[in-house]
Amino acid sequence: MNRRPEHLTAREEQILRCIRRWIEERGAGPSVRQLADDIGLSSTASVAYHLGNLEERGALVRDGRGWRTCRLVR
């Protein structure tokens, strides 16, 4: 069920903003560790959980196996 919800949590919005900034500045998304460092989480598992939720909701799509290859869905 790939549909973007009308309301994302504050953390999910923060993650999307961070990914967008990384893609604009570097041409590729951050690794899970880099994303955790940028948003202030110590657990990469927490970041992976949020990324999985965002992917399930259709807010982003992975082109490959890793999260660095993700694309944001507009």
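A residue counts as buried under 20% relative accessible area, as exposed over 50%, and as partly exposed in between, using a 1.4 Å probe and protein chains only. By that scale Thr 44 is partly exposed, because its relative accessible area is 30%. The structure is a predicted model, in which local features need pLDDT of at least 70, side-chain atom pairs count only at pLDDT 80 or more, and totals for chains, interfaces and linings use all residues. Residues are numbered from 1 along each chain as its sequence is written, and side-chain values use heavy atoms, with hydrogens and water left out.

Thr 44 sits in helix H3. Helices (H or I, at least four residues) and strands (E, at least two) are DSSP runs, numbered from the N terminus. Leaving aside neighbours within four places in sequence, Thr 44 is in contact with Val 32 and Arg 33. Contact here means heavy atoms within 4.5 Å. Thr 44 and Ala 59 are 15 residues apart along the chain, and their C-alpha atoms are separated by 19 Å.

The packing of H3 against helix H2 comes next. H2 spans residues 32-39 and H3 spans residues 44-57. The two pack at an angle of about 100°, with their axes 9 Å apart. Axes are lines fitted to C-alpha atoms, for helices over the stretch in contact, and angles run from 0 to 180 degrees between N-to-C directions. H2 is therefore roughly perpendicular to H3. Angles of 65 to 115 degrees count as roughly perpendicular, under 35 as roughly parallel, over 145 as roughly antiparallel, and the rest as oblique. On the H2 side, the contact is made by Val 32, Arg 33, Leu 35, Ala 36 and Ile 39. On the H3 side, Thr 44, Val 47, Ala 48 and Leu 51 take part. By class, this contact has 7 nonpolar, 1 polar and 1 charged residues. Ala, Val, Leu, Ile, Met, Phe, Trp, Tyr, Cys and Pro count as nonpolar; Asp, Glu, Lys and Arg count as charged; the others, Gly among them, count as polar.

Within H2, Val 32, Leu 35, Ala 36 and Ile 39 are buried. These residues lie on the same side of H2, because they cover an arc of only 100° around the axis. The arc is that of the directions from the helix axis to the C-beta atoms. An α-helix has 3.6 residues a turn, so residues three or four places apart point the same way. The buried residues of H2 pack against helix H1 (10-26) and H3. Val 47 touches Val 32, Leu 35, Ala 36, Ile 39 and Leu 41, not counting residues up to four places away in sequence. After H2 comes Gly 40, whose phi is positive, near 85°.

H3 also packs against H1. Their angle is about 85°, and their axes are 10 Å apart. H1 and H3 are therefore roughly perpendicular to each other. Arg 11, Glu 12, Ile 15, Leu 16 and Ile 19 in H1 meet His 50, Leu 51, Asn 53, Leu 54 and Arg 57 in H3. By class, the contact of H1 with H3 has 5 nonpolar, 2 polar and 3 charged residues.

Glu 12 belongs to H1. Glu 12 counts as buried, because its relative accessibility is 2%. Residues up to four places away in sequence aside, Glu 12 touches His 50, Asn 53, Leu 54 and Arg 57. Glu 56 lies in H3. Glu 56 is exposed, with a relative accessible area of 58%.

The largest nonpolar core has 18 residues. A nonpolar core is a set of buried Ala, Val, Leu, Ile, Met, Phe, Trp, Tyr and Cys residues joined through side-chain atoms within 4.5 Å. Those with the most contacts inside the core are Ile 15, Ile 19, Leu 35, Val 47, Leu 51, Leu 54 and Leu 60. H1, H2 and H3 are the elements that give two or more residues to this core. The largest share, 5 residues, comes from H1.

Strand S2 (residues 70-72) holds Cys 70. Cys 70 is buried, with a relative accessible area of 7%. Cys 70 touches Ile 19, Ile 23, Leu 60, Val 61, Arg 62 and Asp 63, not counting residues up to four places away in sequence. Cys 70 and Ala 36 are 34 residues apart in sequence and 16 Å apart in space, C-alpha to C-alpha.
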